[in-house]
Amino acid sequence: MALEIKKAQGIYLTTTEGKRYVDLISGIGVSNLGHRNHRVAQAIRKQVGKYWHTMVYGEYIQSPQVKLATKLSKVLPDSLDSTYFVNSGSEAIEGALKLAKRYTGRTKFVAMKNAYHGSSTGALSLMSDPYFSNPYRPLLPDTYFANYNDIESLDIIDNQTAGVVVEIVQGEAGYIKGDHAFLKAVEQKCKQTGALLIVDEIQSGMGRTGKLFAFEHANITPDILCLAKAFGGGMPLGAFIASKEVMHCLSHDPVLGHITTFGGHPVCCAAALENLNILTKSPYITEVEAKSQLFRDLLVHKDIQEITGLGFMLGVQLESKEHLHRVVNECIKNGVIIDWFLYAEDKLRIAPPLIITEGQIKKVCKVIVNAIESSQIPNVISSE
Ligand code: PMP
């Protein structure tokens with residue numbers, strides 16, 4: 001897009017040319033409270049005044065990490081009481097894979113087709129599309145793929161499997177919601193075989209789907225939960241979270257099972273704590289469902305085939321990739337930033353900050369519907 005950003009505030013980005021845009025993708029699922037929330041900014045400034053990096057992760061006691069981990073254990077199921085902070089989503093996935101290997105003593109992983117779990121070598125091994133993974137082979141051996149929402153394909157999970165990695169709403173596949181029966185079946189199969197259930201909530205977490213964590217909708221409990229993106233309140237922070245019993249195996253034989261210099265950076269943890277405090281005490285998360293429905297009610301056009309997803313993960317299916325690219329460009333021209341997906345170029349990605357108001361939703365939906373109308377690709381009718 002090559003927009004040169006001068007300032008970001010709330011749902012808006014302003015460029016050096018003075019043009020204002022609505023960020024309807026939240027910087028790809030990051031700015032759930034909008035840009036530069038003043039309380040998060042305040043928490044950052046406060047921590048900057050105390051200390052920044054002091055030592056590689058885990059050596060010193062740093063209160064922002066302790067407070068954030070404590071708060072997480074309060075909002076998560078009892079079994080998720082041990083948090084390992086990292087820098088990014090990919091690193092959270094790497095940590096989860098290593099942890100599952102160590103805990104189970106097994107090497108096999110099962111992921112879902114069309115999932116996206118990150119760009120590092122381990123995470124890339126969980127990508128089913130060879131277009132993205134083949135140029136980087138060899139990757140992790142012993143990785144297999146089940147079909148998302150296909151219970152029968154879960155037979156591939158067996159007692160050789162260390163972990164099963166699953167998103168509750170597949171992000172880059174175009175916001176495909178996991179059926180509750182399917183997600184329950186994945187959990188059940190993990191229990192039967194002793195595989196660990198690794199839930200990637202890097203994009204769906206922190207209120208985006210109308211619950212703090214999307215797994216709450218399906219009533220399942222991850223063995224390992226991966227967080228990043230909106231987790232840091234706009235700062236780079238990730239985490240993999242498990243029970244103390246599971247996490248303990250990273251501490252011995254060998255010691256230092258995962259080493260990270262900047263993981264759990266105190267300034268990022270201070271931001272994340274304030275972000276989590278706001279999310280858990282404000283009405284933003286509970287308002288997501290009604291606001292999401294407003295998008296669905298207003299995004300009506302004959303070229304919209306369906307709207308998939310959950311909460312503020314909305315995938316708007318158009319009839320062709322060519323039309324969609326024109327719509328995205330037209331929206332950007334008219335001050336609304338939307339996007340498509342890594343694996344679904346004929347679907348519009350709508351993932352607004354949770355703070356967007358009804359009035360703002362009405363305005364952006366008008367822009368989008370007008371863009372769909374004005375960007376139609378004319379049928380070439382030949383009279384000859
Ligand atoms: N998992 C999911 C579901 C994601 O959407 C992403 C990022 N798009 C990642 C993992 C990787 O996160 P990061 O880019 O922070 O490494």
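**Salt bridges and their surroundings**

Guide: Asp-303 counts as buried, at 11% relative accessibility. Buried means under 20% relative accessible area, exposed over 50%, and partly exposed in between, with a 1.4 Å probe and protein chains only. The structure is a predicted model, in which local features need pLDDT of at least 70 and side-chain atom pairs count only at pLDDT 80 or more, while totals for chains, interfaces and linings use all residues. Residues are numbered from 1 along each chain as its sequence is written, and side-chain values use heavy atoms, with hydrogens and water left out.

The partner of Asp-303 is Lys-302, and their side chains meet in a salt bridge at 3.4 Å, N to O. The term denotes a side-chain nitrogen of Lys or Arg within 4 Å of a carboxyl oxygen of Asp or Glu. Lys-302 counts as exposed, at 65% relative accessibility. The whole structure contains ten salt bridges.

One of them pairs the side chains of Arg-39 and Glu-274, at 2.8 Å from N to O. Distant parts of the chain are linked here: Arg-39 belongs to helix H2 (residues 38–48) and Glu-274 to helix H10, 235 residues apart. Helices (H or I, at least four residues) and strands (E, at least two) are DSSP runs, numbered from the N terminus. Arg-39 is partly exposed, with a relative accessible area of 38%, whereas Glu-274 is buried at 17%.

Lys-189 and Asp-155 form another salt bridge, with 3.9 Å between the closest N and O atoms. Because Lys-189 lies in helix H7 (residues 180–193) and Asp-155 in the loop between E6 and strand E7 (161–167), the pair ties together parts that are 34 residues apart in sequence. Lys-189 is buried, with a relative accessible area of 19%, and Asp-155 is exposed, at 61%.

Attention now turns to the ligand. Its surrounding residues are Ser-88, Gly-89, Ser-90, Tyr-116, His-117, Gly-118, Glu-167, Asp-200, Ile-202, Gln-203 and Lys-229, where a residue is near a molecule or strand if one of its heavy atoms lies within 4 Å of it. This shell divides into two nonpolar, six polar and three charged residues; Ala, Val, Leu, Ile, Met, Phe, Trp, Tyr, Cys and Pro count as nonpolar, Asp, Glu, Lys and Arg as charged, and the others, Gly among them, as polar. A polar side-chain atom of Gln-203 lies 2.7 Å from an oxygen atom of the ligand. A nitrogen atom of the ligand lies 3.3 Å from a polar backbone atom of Tyr-116, and a polar side-chain atom of Lys-229 is 3.3 Å from a nitrogen atom of the ligand. Taken alone, the ligand exposes 390 Å², of which the protein buries 83%; accessible areas come from the Shrake-Rupley method with a 1.4 Å probe, and for residues only the protein chains shown count as cover.

Finally, the loop between helix H9 (244–247) and helix H10 (266–281) holds Leu-256. Leu-256 is exposed, with a relative accessible area of 57%. In the loop between H9 and H10 lies Pro-254, joined to Asp-253 by a cis peptide bond with omega about 0 degrees.

Conventions. Polar contact = N/O pair within 3.5 Å; in protein donor to acceptor, adjacent residues only side chain to side chain.
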